[in-house]
Amino acid sequence: MAQALTTTDLQGALPLIARGKVRDLYEIDDKTLLFVASDRISAYDVIMENGIPNKGVLLTLCTQTWFKALTEANPALRTHFITLDLPPQVPESLRPVLQNRSMQVRKLRILPIEAIVRGYITGSAWNEYKKSGTVHGIQVPAGLQESEAFPAPRPSRASTMRTFIPTKFPAVAILGEKYAAIVAEMAVELYKTAHAYALERGVIIADTKFEFGVDEETGEVVLADEVLTPDSSRFWPKDTYAVGRGQSSFDKQFLRDWLVSEGLKGKEGVRMPDEIALKTAEKYQEAWEKITGGNSN
């Protein structure tokens with residue numbers, strides 16, 4: 001199996017700002033960042049010891065495709081994406097490794113909230129619904145079956161949504177009424193657009209999350225981070241979808257299922273067997289090919 005890139009080193013060419021679960025962030029200048037997607041993979045908020053070869057490239061190309069599709073559907077939408085081209089500061093020796101897993105983006109004031117939109121009842125939402133008839137504490141119609149579409153796509157916890165911070169304060173308390181309302185509306189509209197786009201390509205987006213930032217110069221809310229990838233979304237094949245049961249998926253659910261079956265959910269220091277890493281890579285590849293047509297342009 002090919003080697004996975006689990007960490008990046010720009011040899012001092014650009015200052016490292018942060019390392020996330022997947023991405024390493026470097027500063028190009030006071031208005032621009034370089035997002036580099038590694039091949040790291042996390043599940044249940046824990047990063048695996050080994051990665052998924054080529055995953056970072058697929059995530060970046062998938063995100064590029066979505067930014068293009070979403071802005072074509074809504075020309076007023078602004079995103080942080082600038083280009084996949086590497087900045088001149090990056091040494092020639094590193095370019096083959098970093099190309100197509102890196103994107104230049106505008107520096108924004110990132111809003112500290114995950115806007116999670118659920119179109120179908122599944123996963124933790126289904127487990128909660130079976131017990132209490134609610135999803136994230138919100139009453140939803142009775143009689144729904146597993147994997148059934150909600151009457152309308154809704155942001156998780158409605159106007160509150162789920163946040164990065166442990167205590168789930170309402171979004172209004174974190175963002176203020178103005179930005180909370182904008183984020184909620186944008187998230188649902190983006191989901192609807194993406195769902196229709198993916199459905200035409202044989203993929204159902206069951207749920208996803210968006211992140212947003214604010215352009216300090218204009219005050220506009222801007223779509224940021226990665227979007228609609230197998231890391232941030234739950235993708236189902238349209239041709240095998242059926243209400244009333246769990247679905248196969250084009251994402252890291254395969255890895256999650258393995259962790260649960262082995263009693264490793266949430267544990268640190270886990271190394272995936274090559275078989276699990278390879279099968280997870282195949283799921284990511286399949287999702288990328290369906291959504292982008294395998295086109296890197």
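**Reading the fold and one buried glutamine**

The accessible surface of the protein chain comes to about 13700 Å² in this predicted model, and carbon and sulfur atoms account for 50% of that surface.

Reader: How many helices and strands does the protein chain have?

Author: The secondary structure consists of six helices and 16 strands.

Reader: What share of the contacts joins residues 24 or more positions apart?

Author: Among contacts with a separation of 6 or more, such pairs account for 63%. Buried residues, in turn, make up 51% of the 297 residues.

Reader: Is Gln247 buried or exposed?

Author: Buried means under 20% relative accessible area. Gln247 has 14% relative accessibility and therefore counts as buried. Its place is in the loop between strand E16 (233-237) and helix H5 (253-261).

Reader: Which backbone oxygen atoms lie 2.7 Å from the side chain of Gln247?

Author: A polar atom of that side chain lies 2.7 Å from the backbone oxygen of Ala242. The side chain of Gln247 also reaches the backbone oxygen of Arg245 at 2.7 Å.

Reader: Which residues does Gln247 contact beyond its neighbours within four places in sequence?

Author: Gln247 is in contact with Ser147, Trp236, Thr240, Tyr241 and Ala242.

Methods:
Residues are numbered from 1 along each chain as its sequence is written. This is a predicted model: local features need pLDDT of at least 70, side-chain atom pairs count only at pLDDT 80 or more; totals for chains, interfaces and linings use all residues. Side-chain values use heavy atoms; hydrogens and water are left out. Helices (H or I, at least four residues) and strands (E, at least two) are DSSP runs, numbered from the N terminus. Buried means under 20% relative accessible area, exposed over 50%, partly exposed in between (1.4 Å probe, protein chains only). Contact means heavy atoms within 4.5 Å. Accessible areas come from the Shrake-Rupley method with a 1.4 Å probe; for residues, only the protein chains shown count as cover. A polar contact is a pair of N or O atoms within 3.5 Å; within protein, one must be able to donate a hydrogen and the other to accept it, and residues adjacent in sequence count only if both atoms are side-chain atoms.
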